[in-house]
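Biologist: I would like to go through this structure with you and ask, for each label we attach to a residue or a pair, what the label rests on.

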Amino acid sequence: MLKKIPLHTQIIIGLVLGLVFGLIVIKTQISPDFTVDFIKPIGTIFINALKMIAVPLVLASLIVGVSNLGDITKLGRIGGKTIGAYMMTTVIAVTVGLLLVNIFAPGKSLPPETRENLMTLYDDVVGDKTNQAAELAEQSPLKPLVDIVPQNVFLATTDNGSMLQVVFFAILVGIALLEIPKSKASPVIAFFDGLNDVIIKIVGYIMLIAPYGVFALMASLIVEIAGDNPDSAIELLFALLKYSLLVVAGLLLMVFLVYPTILKVFTKVKYKDFFKALRPAQLLAFSTSSSSATLPVTMRQVEEEIGVSEEVSSFVLPLGATINMDGTSLYQGVAAVFIAQALGLDLTLTQQLMIVLTATLASIGTAGVPGAGLIMLLIVLESIGVPSAGLALILAPDRILDMFRTVVNVTGDATVCTVVASTEGELPDGLIREANPLTSTSDS
């Protein structure tokens, strides 16, 4: 019976049941330890399984994608379009966030008592994040470029946080395969092509436990937010409700205004069909808060449901999961100004323009994993002279907002991928293919 229910419906059911279960546990205080000890591990296993295949998927798909482009000229053209589009959507996202937070000024309404309690509660966490940001601040301006090149590619493939190094190596291998004789390149390409198909098949296996994993993640999240005080989560979220709603409003503007406009201008794809096709990936992004973990499903939906060629998707999407963070960048713009407002600081136009620049550059190479946005935010705060301890003000709702902004990150990746495919003539008349997300398989 369960197999007849579409995947996205199963995931929604898992989300709702997890939310209800978590609220019941914190309200009744019936075995909260049981939830953390025996239910949360199911969600952890699900995320670990997706992360397990993230690096081999990026490596294999990028090598095949680059080598299938046929020539260096095409690689440069598609690469230029992809990076340019990603930078454009990131700048738009930060700008939207800054406009909203300046108009509604949520930080000026934050109760002083809440601010002081949060600063005390999260002092240790802020200290850890501050140390990491301080290390980054002391580095050379060219350190990000140095970090792109791995000292040991095998070591890089063992760490999802080094995804940009894997991307760099995969692109180099793909370019080299274009330059060597076809007779020698073909067996290598065939190997990685086969590996890519195997990984996609494994994705199907992992997605069978997606509803249960999502249930476990949501239930344990609610219980852990509450802690020892059942009312603390509700009080904290209420105090920061205006800020949280503003972030969500900005993210919704990206999903329902900016991306539809981009698709309408550059493609023939109807956004309603696009959104429907991408729904399983969006729901998974929401539950895992990881664009890297969602990448396999995003690639499957974009190829099988939207009709983007594997040649384009295998290049654009892995790159997007690494360098494109629209939702995270928008959140950073709102959060930075919110913290400044809450601490009574007025930011100049120059400082806010610095937020746009820093957030855009910081998004490049940031690991697509839960919580990475916090370190990026600290870099932004340091760049505009706002005390980094103010991060404590937004830690409480951050995990929940992380879920929403990851949806935007994934949607932005898919939007750019569809646009690039359309401009390259790799989209079949802008038509969405009809298929069941749960049972769809690639026969190509």
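Biologist: Why is Ala105 called buried in this predicted model?

Modeller: Ala105 has a relative accessibility of 16%, and since buried means under 20%, Ala105 counts as buried. This residue sits in the loop between helix H3 (72-104) and helix H4 (112-121).

Biologist: What is the phi of Ala105?

Modeller: Ala105 has a positive phi of about 45°, although it is not a glycine. Most residues other than glycine have a negative phi.

Biologist: What makes Phe38 exposed?

Modeller: The cut-off for exposed is over 50%, and Phe38, with 56% relative accessibility, passes that cut-off and therefore counts as exposed. Phe38 belongs to helix H2 (residues 32-67), and its C-alpha atom is separated by 9.1 Å from that of Ala216, which is 178 residues apart from Phe38 along the chain.

Biologist: How do you know that Leu208 is exposed?

Modeller: Its relative accessible area is 52%, and because exposed means over 50%, Leu208 is exposed. Leu208 lies in the loop between helix H9 (182-207) and helix H10 (210-226), and together with Ile42, Ile45, Tyr205, Ile209 and Tyr212 it makes a nonpolar surface patch of about 620 Å².

Biologist: What makes Arg77 and Glu424 a salt bridge?

Modeller: Their closest N and O atoms are 2.9 Å apart, and because a salt bridge asks for a side-chain nitrogen within 4 Å of a carboxyl oxygen, the pair qualifies.

Biologist: Are the two partners, Arg77 and Glu424, buried or exposed, or something in between?

Modeller: Arg77, at 38% relative accessibility, counts as partly exposed, because this value falls between the cut-offs of 20% and 50%. Glu424, at 14%, is under 20% and therefore counts as buried.

Biologist: How do you know that Lys81 and Glu424 meet in a salt bridge?

Modeller: The distance from N to O is 2.7 Å, which is within 4 Å, so the side chains of Lys81 and Glu424 meet in a salt bridge. This pair, too, links distant parts of the chain, with Lys81 in helix H3 and Glu424 in the segment after H19, 343 residues apart. Lys81 has a relative accessible area of 29% and is partly exposed.

Biologist: How many salt bridges does the structure hold?

Modeller: The structure holds three salt bridges, and one of them is formed by the side chains of Asp402 and Arg405, at 3.4 Å from N to O. Asp402 and Arg405 are three residues apart in helix H19, so about one helical turn separates them.

Biologist: What makes Asp402 and Arg405 buried?

Modeller: Asp402 has a relative accessible area of 5% and Arg405 one of 1%, and because buried means under 20%, both residues are buried. As for Arg77, Lys81 and Glu424, salt bridges that share partners join them into one network.

How values were computed
Residues numbered from 1 in each chain as written. Predicted model: local features only at pLDDT ≥ 70, side-chain atom pairs only at ≥ 80, totals over all residues. Heavy atoms only, no water. Helix = DSSP H or I, 4+ residues; strand = E, 2+ residues; numbered from the N terminus. Buried < 20%, exposed > 50% of the residue type's maximum accessible area, 1.4 Å probe, protein only. Patch = residues over 30% accessible without salt bridge, like charges linked within 9 Å, V, L, I, M, F, W, Y side chains within 5 Å. Areas by Shrake-Rupley, 256 points an atom, 1.4 Å probe, with all protein chains shown as cover.
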